[in-house]
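Let's walk through this model together, one piece at a time. Keep the picture in view and find each piece as it comes up.

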Amino acid sequence: MIRWGILGTGGISRAFAQALRETPGARLVAVGSRSLGSARAFAGEFGAAAYGSYEALVAAPGVDIVYIGTPHTLHAENTLLALGAGKAVLCEKPFAMNLRQARRMIGLARSRRLFLMEAMWTRFMPALAEVRRLVADGEIGEVALVQADFGFAATRDPGHRVNQRELGGGALLDLGIYPLSIASALLGPVESVQAQAVIGDTGVDLVTGFVMRHRGGTMSVSSCSLRARTPCELHIAGSLGSIRMDSMFHMAGSLTVTASDGSSRGIPTPFLGNGYVHEAIAAGEALRAGWIEHPLMTHDDTLAGMRVLDEIRAQIGLRYPSDELPDALADEVANPLTDELANGLANALANESDVERTHAPSDAPAGRR
């Protein structure tokens, strides 16, 4: 039995806790929050022990792995805290705010021989496995191109986390990371990227588009938006046809394969629970095998993705406070917070949710919402 602790009690943590209920060989045993009341309410719902600080959670006995479900800007700090306490970690995406943070997190995991993985759950979904199988079988011939979009009309409230630069807001880190990661999983390492964006009044990207050239002569074209409800599909095209990961591609319940003669067929790709079950199963598999990374989402995969994200941000002029810190300060596990930022983080922790779920069609099948 893999014993899980969850750090953070927002919406994404609740979704992961629900997934653990349906994960074979897994049990939620502990929940930690900066508020003991919040931890107790969450833990009471899921039958776990409550801890009133992150430090207490990671020090708790009987916890094999900690899931980090806090806002983006806390991922590095919280992950380093858990690894420092000797706990394996599954950290929500984006893994860190920049490559520098990611290197330090992975460096600590490697030095302590502890499992650490970015929670890029789409990489473990049945739909992606089926796409890979079809491509390997030559169903669409020689693959040349991936096209993907991810967008919805988010709140325009300047105080909301997605619109706050200080809290890691913007379309790229919340949404663009999906097409970036899955295109890389399908086409291989990125050799170069070109990006454009629309930056909003609060300093975060509202719409970003990027073209990546992958090793081997393939290309991906992706977009993400906090202002437009897009189809949220991913297409992979080759010399004999194409495969579409149907809306919403990050949790696709079906694929559509189209041949060069125009004929098409659908392939169901049902998934377990709310979808997070598959990454929880993978993390459990890694722990039982004694791995420090999983072959479907390696440390190098995460570092490569962070490197591309940093390059895109440099091209579109999107910088976060964590980018401005001198190296000595950036290497600290914790940094003092201004009252304003602390209040913003508190609100984000209370209301944090995986933003792609906020625009699931209301008529979608239960398994896809």
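Ile-65 has Ala-88 in E5 as its bridge partner. That pair belongs to the 4 bridges that join E4 to E5, two strands that run parallel. A quick word on names: helices (H or I, at least four residues) and strands (E, at least two) are DSSP runs, numbered from the N terminus. Two strands pair if DSSP finds at least two bridges between them.

Before going on, keep in mind that this is a predicted model, where local features need pLDDT of at least 70, side-chain atom pairs count only at pLDDT 80 or more, and totals for chains, interfaces and linings use all residues. Residues are numbered from 1 along each chain as its sequence is written, and side-chain values use heavy atoms, with hydrogens and water left out.

**The parallel sheet**

Stay with E4 for a moment. Which way do its side chains point? Ile-65 and Tyr-67 go one way, Val-66 and Ile-68 go the other way, and all are buried (buried means under 20% relative accessible area, exposed over 50%, partly exposed in between, with a 1.4 Å probe and protein chains only). E4 also pairs with E1, in the parallel sense, over 4 bridges, and here Ile-6 stands opposite Tyr-67 of E4.

Now zoom out. These strands sit in an open sheet of 6 strands, ordered E3-E2-E1-E4-E5-E6, with parallel pairing. At the edges you'll find E3 (49-51) and E6 (116-118), each pairing on one side only. On average, neighbouring strands of this sheet are turned by 25 degrees against each other, direction ignored. E1 (residues 2-7) and E2 (residues 26-32) pair over 6 bridges, in the parallel sense, and Ile-2 has Ala-26 in E2 as its bridge partner.

H4 packs on this sheet and touches E1, E4 (65-68), E5 (88-91) and E6; its direction makes about 165 degrees with that of E5. Contact here means heavy atoms within 4.5 Å. Axes are lines fitted to C-alpha atoms, for helices over the stretch in contact, and angles run from 0 to 180 degrees between N-to-C directions.

| Helix pair | Angle | Axis separation |
|---|---|---|
| H1 (residues 11-21) and H2 (residues 36-46) | about 20 degrees | 11 Å |
| H4 (residues 75-84) and H5 (residues 99-112) | about 10 degrees | 10 Å |

The H4 and H5 angle makes H4 roughly parallel to H5. In this scheme, angles under 35 degrees count as roughly parallel, over 145 as roughly antiparallel, 65 to 115 as roughly perpendicular and the rest as oblique. Who meets whom? From H4 come His-75, Ala-76, Thr-79, Leu-80, Leu-83 and Gly-84, and from H5 come Gln-101, Arg-104, Met-105, Leu-108, Ala-109 and Arg-112. These residues divide into 6 nonpolar, 4 polar and 2 charged (Ala, Val, Leu, Ile, Met, Phe, Trp, Tyr, Cys and Pro count as nonpolar, Asp, Glu, Lys and Arg as charged, and the others, Gly among them, as polar).

**The mixed sheet**

The other part to look at is an open sheet of 8 strands, in the order E8-E9-E10-E7-E11-E12-E13-E14, with mixed pairing. E8 (190-199) and E14 (264-268) stand at the edges with a single partner strand each, so one side of each has no neighbour in the sheet. The twist averages 15 degrees from one strand to the next. E13 (residues 254-259) and E14 run antiparallel and are joined by 5 bridges; Thr-258 has Ser-264 in E14 as its bridge partner.

H7 (residues 171-187) packs on the sheet, touching E7 (143-151), E8, E9 (205-214), E10 (218-225) and E11 (234-238), and its direction makes about 15 degrees with that of E9. H9 (residues 299-316) lies across E8 and E9, at about 45 degrees to E8.

Most residues other than glycine have a negative phi, and most peptide bonds are trans. Cys-232, not a glycine, has a positive phi of about 60 degrees. Cys-232 lies in the loop between E10 and E11 and counts as buried, at 1% relative accessibility. Arg-113 also has a positive phi, near 55 degrees, but Arg-113 is exposed, with a relative accessible area of 59%.

As for peptide bonds, the one from Lys-93 to Pro-94 is cis, with omega near -10 degrees, and Pro-94 is in the loop between E5 and H5. A cis bond also joins Ser-247 and Met-248, with omega about -10 degrees.
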